[in-house]
Amino acid sequence: MSPVDPDAYGAQNLGKASDPAAVDVVRDPETIDGTLVDDPSVRAPLVLGGRDFHSVTETICGWSENKAPGWWLPAFMFSAATAGVAGLMILYLVTTGVGVWGLNNPVAWGWAIVNFVWWVGIGHAGTLISAILCIFKQKWRTSINRFAEAMTIFAVICAGTFPGIHVGRIWFAWFLFPIPNSNSIWPNFKSPLLWDVFAVGTYFTVSLLFWYMGMIPDIATFRDRAIKRMDLRKTIGPFQLAVGKIAAFGYGVASLGWRFSHRHWQNYEKAYILLAGIATPLVLSVHSVVSFDFAVAVVPGWHTTIFPPYFVAGAIFSGFAMVLTLLIPARALYPGMKDFVTARTIENMCKIITVTGSMVGFAYIMEFFIAWYSASSYESEAFIIRALGPYWWAYFIMFFCNVLSPQVFWLKWARSTPWFIFIVTIFVNIGMWFERFVIVTTLSSDFMPSSWGYYAPTYVDVLTFVGSLGIFMTLFLLFMRFLPMLAISEVKNVLPQANPHAAPPPPAGAPATNGEAR
């Protein structure tokens, strides 16, 4: 067997030209960028463009070090203004009361719990990509894990806003924590809302540690490069800002004294795999606990054991969709990113969306079967009303977006066309929000028809949710501007040059033997 490394051979023969300047070039309409290869004997390259270690560092660091793209500041100002709307709505809620929401009797839960569950689900892809795919040694994750981890942190921050404000008297929100006080009042440990505090708090802590620790080597690279630009200054009106010194100090503090020593790398690898092992059960446990908000209630349409796996599949489904929603525009806007986020990576994510979307669709169908099999008239009627009642339009949107739209990814064209994938992921995000809305509006038709009511949100509900999107995008734009969007050290590890046992790739144009082709 030839000693030629298959990654090196693939990068040479299937990737782009060896000239690093030839970035973002489509060579073949069938294999797109050379990575959508159907031949099982050929391993598609993970990094294109003839990249070497220096080129990877220069490109990824350049996205943060160079002048911000022209679109960044308007996008940031718009997102920040939208986030400010959320602050105003929360202030209005606190000073006026939860009557400004569309809550009524019997729908005591509204958009707040819908938004909370939706945002927690959005954050699930980060843990899956970072932890589970890391444990299974899936190398294609290296170009998207940092994006997904950052998205997880910011989504959980948005999610954590809603439990705090939906309790009504938010100055008593600290009662959620098991803190003894002078009145000997303790939380109700039988309440799933308290379980949410522990589950989501643990998830956020582990995800934050995982994200930050993975960035330490890359932040140290930023620090070393910033030290060389200490004299850099920026004029803002009559003032001169020493941005070089500020960057060197900030990255220096954040890098925690990382010096790229052997001992540092050894401890880093140990800690990374340990955190991956700790985070893996969270993928299953967190959204299972969130589903208990509904499943432990004796309410028709809620009291079912299918909720935990159904919610977990839906969370992974919506999380991957949101990663693609953010990644595809960034891939088009930042020069050279297509060399790292290849068509094969996007296709793999589309396949996961198809699988999890099918699982969600199976759960929708099984819910009707369970309702019929239960022989409970209340249960059966709840699902008939859910599909054909006053909220039929929400159920139709949910089913179309979550079950039907992802099925287009069975077609190779759909999985390899970025603009089309972007549209489908938008549909998925909308559908997953409506899934939570459909579940919550089950409260509108409970046991007694005399207490039925129709729930409709107010402008405060709508603007609070829109403002949470602004908070998320503001944090994400700051991440894109000042921190490494891709994991520099991990991308380098999948380059052909990182394999110490690989022979140099054959020269361009040289005929390949049978052994080399394998």
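Me: Which residues lie nearest the centre of the largest pocket?

Reply: General idea first: on a 1 Å grid over the protein atoms alone, a pocket is an open set of points with protein on both sides within 12 Å along at least five of seven lines, and lining residues have an atom within 4 Å of a point. Here 25 residues line the largest pocket, and Ser64, Lys234, Val243, Arg481 and Phe482 lie nearest its centre. Keep in mind that this is a predicted model, where local features need pLDDT of at least 70, side-chain atom pairs count only at pLDDT 80 or more, and totals for chains, interfaces and linings use all residues. Residues are numbered from 1 along each chain as its sequence is written, and side-chain values use heavy atoms, with hydrogens and water left out.

Me: Which element gives the most to that lining of the largest pocket?

Reply: Helices are DSSP runs (H or I, at least four residues), as are strands (E, at least two), numbered from the N terminus. For the largest pocket, α8 leads with seven residues.

Me: And how do the residues lining the second largest pocket split by class?

Reply: Ala, Val, Leu, Ile, Met, Phe, Trp, Tyr, Cys and Pro count as nonpolar, Asp, Glu, Lys and Arg as charged, and the others, Gly among them, as polar. That pocket's lining has 22 nonpolar, five polar and no charged residues, while the largest pocket's has 16 nonpolar, four polar and five charged. In the second largest pocket, α16 gives the most, nine residues.

Me: How many cavities of 30 Å³ or more are there?

Reply: A cavity is a set of points where a 1.4 Å probe fits but cannot get out. This structure holds seven of 30 Å³ or more.

How values were computed
Points joined across faces, edges and corners; volume = space filled by probe spheres on them.
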